[in-house]
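Thanks for coming. Please have a look at the model on the screen, and then I will go through a few parts of it.

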Amino acid sequence: MAENHDDSLVEPIYEAFLCPLTKQVMRDPATIENGQTFEREAIEDWFKKCRDNGRRPTCPLTNKELKSTELNPSIALRNTIEEWTKRNEVAQLDKACRTLSLGSSDVDVLQSLNSITIICQKSRSSKHAVRNAELIPMIADMLKSSNMKIRIKALETLCIASEEDDNKEAIAAGDTIRTIVKFLSHGHSQEREEAVSLLYELSKSETLCEKIGGVSGAILILVGMASSKSEKHLTIERADKTLENLGKSENNVRQMAVNGRLQPLLKLLLAGSPETQLSMAAYLGELVLSNDVKVFVAQTAGSVLVNVMKSGSKQAREAALKALNQISSHEASAKILIHAGILPPLIRDLFMVGINQLPMRLKEVAATVLANIVSSGANFERIPLDHDRRTLVSEDIVHSLLHLISNTGPGIECKLLQVLVGLTSSSATVLNMVAAIKSSGATISIIQFVEAPQRDVRVASIKLLNNISPYMGQELSDALRETAGQLSSLINIIADDSGISEEQAAAVGLLANLPESDSVLTRCLLDEGAFKIAISKVTSIRQGITRGGRFATPFLEGLVSVLSRLTYILEGEPEIIALTREYNLASLFTDLLQMNGLDKVQRASALALRNLSRQTKLLTRVPVVPEPGFFRSMFSCVGKQPVNTGLCQVHHGFCSVKENFCLLEGKAVDKLVACLDHTNEKVVEAALAALCTLLDDDVDIEQGVSVIDGADGIKPILEILRENSTETLRQQAVWAVERILRIEEIACEISGDQNVGTALVEAFRHGDYRTRQIAERALKHVDKLPNFSGIFTKMGQ
């Protein structure tokens with residue numbers, strides 16, 4: 001009898017049971033030709049080593065050569081060992097039951113769990129025996145032990161026992177699965193590893209997949225583990241495979257999708273039964289997806305969803321539309337859907353009438369998808385909708401969109417207006433859109449939405465009007481004057497004091513784009529109090545009272561442009577002049593010149609100063625010089641006439657920035673000169689135009705040149721002439737330079753500048769008739785052309 005080292009054994013181990021090579025109890029004893037018995041696998045390995053070493057096989061015990069390596073099964077011994085094993089297993093399991101149920105010491109519990117593990121590893125029948133002994137609930141109770149080693153061993157034991165399918169249900173009874181899931185997020189790394197391995201085994205049972213997924217947080221934690229950068233590779237792999245198994249349940253697939261694991265849902269969407277595909281598409285439409293995921297879904301399932309739109313049932317199209325609504329709300333994913341052919345079925349469903357038409361609630365979803373697609377910025381002028389090569393900006397399509405807007409509810413109105421906003425936001429399509437809107441006669445209809453009670457509809461219509469206003473300014477101006485209420489509504493929107501909104505920026509942008517020459521509209525704006533509101537808003541923004549935001553810049557740009565309208569109708573308008581004086585607009589526009597980075601503000605301010613400066617001479621109070629009397633003339637040698645002090649050197653009168661808008665008194669000249677170096681040519685044009693008012697015929701040109709020279713303005717004006725960047729700037733620069741060159745000292749100094757001479761020659765050769773005339777006079781000033789007028793005078797003498 002062998003010495004018994006295993007205290008858990010009830011019967012001792014007999015010597016004959018042990019393999020001489022492994023010293024372990026044999027499971028498949030086999031006898032060689034000399035009658036010695038070994039574990040079959042062990043003696044086969046021995047014979048192999050003999051052959052590998054180039055010698056004949058020998059008996060491991062006697063070292064004598066064997067004639068044959070034939071093995072004979074020792075059936076009687078094997079049966080005896082099996083009976084002995086079963087008796088001991090029963091005894092060990094019985095002892096384990098007592099140990100686990102009596103609150104034994106941790107050492108005894110660990111020993112019992114170890115015994116159970118060893119027994120489970122032997123065979124399926126051993127695993128059955130563990131279940132039949134009702135040990136599984138007891139082992140599960142050990143998961144709540146305060147001893148981590150016991151918890152880990154219990155997880156390991158359950159994992160091995162669960163390899164037998166019948167044991168899985170027993171393990172999953174009660175709240176065991178919930179307990180296992182807790183280990184995934186709160187346990188030690190080894191506990192997590194054992195717990196996820198156990199869940200993986202349990203997830204092989206389809207009946208348990210629902211139960212595992214039903215535990216709150218289980219799928220979320222598994223998704224996190226499967227994508228972890230810190231867990232062990234085995235743990236990550238087990239979590240991933242567990243999720244694959246759980247994907248057999250649609251409910252679990254939905255949970256995975258919510259938690260960012262979309263592959264199972266997309267797999268069912270692509271290859272599931274029609275009912276499953278419908279279910280997955282519908283659920284996809286309910287998810288909130290990140291932009292990266294939208295792109296992934298569009299790449300994976302976009303074509304399938306578009307095909308459903310083309311030929312699916314109404315129910316299927318509804319599900320597909322809702323899914324596409326989610327996916328299309330990102331620029332990159334929207335472009336993928338365009339490539340997949342989404343536009344033709346989308347437009348068809350929007351315009352279709354009759355028995356096959358979509359219900360209005362789905363047309364609203366279709367309109368939303370179309371709005372998303374259009375906001376992607378693709379060139380829709382090049383994307384055909386049908387065999388006739390019509391596009392979204394084809395006249396009849398735009399007409400249909402406008403007709404649909406006028407004959408549906410607010411939901412669709414809003415989305416289709418957003419479609420038009422998108423199509424008019426692109427320089428590639430805006431002209432086609434403007435032409436179609438003009439030919440449709442829908443301008444009044446669009447303007448009427450400005451008074452819509454639904455804010456989204458109102459905002460979309462104002463944004464659309466703002467987009468088309470640079471191309472339809474006069475039409476919109478006429479419409480706003482002729483319709484009742486819309487102009488007031490726009491002004492009320494601008495006047496709102498609850499922060500700067502997109503709606504306000506669009507509303508003031510629309511008004512800013514309307515023709516400044518429309519004095520009737522300016523009058524209407526004055527009557528509505530628009531200018532006082534604009535002044536108040538600009539002041540509030542500059543003082544930091546009104547909070548900024550992403551719409552602050554366009555809002556301020558629009559306000560300044562609207563405010564500048566007043567300066568276009570000053571002449572012969574005492575009321576407007578009084579208002580301009582009251583709010584000291586000349587000083588305001590001068591200050592606004594310094595708002596670097598806001599090109600539109602600087603340009604509008606410079607143009608306003610130009611307009612104000614043109615009125616300065618008309619408003620200047622010139623002192624009355626008394627006529628010299630008889631005695632005064634006779635005795636003029638006695639004294640000189642009194643000299644008036646405090647007069648403006650350019651306007652020769654009493655000037656102020658507030659009363660007659662003098663650029664000198666307003667300290668605007670330096671600021672305007674600074675704008676001549678601006679990178680935006682429109683700002684340069686406006687600043688130069690304002691400075692040119694100091695060189696007009698009705699002022700002292702010599703003094704005007706002196707003022708500009710004092711502000712270091714001549715050099716940048718000459719530089720503008722040399723650069724010749726735009727025709728407008730060339731015309732302005734030639735005009736200004738000709739007047740500057742009337743000053744003989746400056747003409748002499750500049751005459752040696754070959755670049756200036758070349759620029760004037762270019763203007764003389766290539767400019768329009770007026771510019772050539774002015775350039776000719778300038779060239780005479782610098783002696784680049786002969787002055788024939790003097791010769792002709794002498795010839796006439």
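Which residues does Leu592 touch, not counting residues up to four places away in sequence? They are Val538, Arg542, Val560, Val601, Gln602 and Ser605, where touching, or contact, means heavy atoms within 4.5 Å.

Before going on, some ground rules. This is a predicted model, in which local features need pLDDT of at least 70 and side-chain atom pairs count only at pLDDT 80 or more, while totals for chains, interfaces and linings use all residues. Residues are numbered from 1 along each chain as its sequence is written, and side-chain values use heavy atoms, with hydrogens and water left out.

Back to Leu592. This residue is found in helix α33, residues 585–592; helices here are DSSP runs (H or I, at least four residues), numbered from the N terminus. Leu592 has a relative accessible area of 0%, so it counts as buried, the term for under 20% with a 1.4 Å probe and protein chains only. From Leu592 to Gln454 there are 138 residues in sequence and 35 Å in space, C-alpha to C-alpha.

Next, the cores. A nonpolar core is a set of buried Ala, Val, Leu, Ile, Met, Phe, Trp, Tyr and Cys residues joined through side-chain atoms within 4.5 Å. The largest one has 190 residues, and Leu284, Leu370, Phe380, Leu392 and Leu672 have the most contacts inside it. Helix α20 gives the largest share of this core, 9 residues. Leu370 is in contact with Leu343, Leu346, Ile347, Leu350, Leu392, Leu401 and Val419, leaving aside neighbours within four places in sequence. A second, separate core has 48 residues, including Ile119, Leu143, Ala172 and Ile177.

What does α20, residues 360–374, pack against? One partner is α17, residues 314–327, at an angle of about 35 degrees, with the axes 9 Å apart. Axes are lines fitted to C-alpha atoms over the stretch in contact, and angles run from 0 to 180 degrees between N-to-C directions. Among the residues that meet are Leu321 and Leu324 in α17, and Leu362, Val365 and Val369 in α20.

Last, helix α6, residues 148–161. Is it enclosed or open? Of its 14 residues, 11 are buried, so α6 is largely enclosed by the rest of the structure. Ile150, Arg151 and Lys153 are among the buried ones. The cover includes α3, α4, α5, α7, α8 and α9.

Technical notes. Helices (H or I, at least four residues) and strands (E, at least two) are DSSP runs, numbered from the N terminus. Buried means under 20% relative accessible area, exposed over 50%, partly exposed in between (1.4 Å probe, protein chains only).
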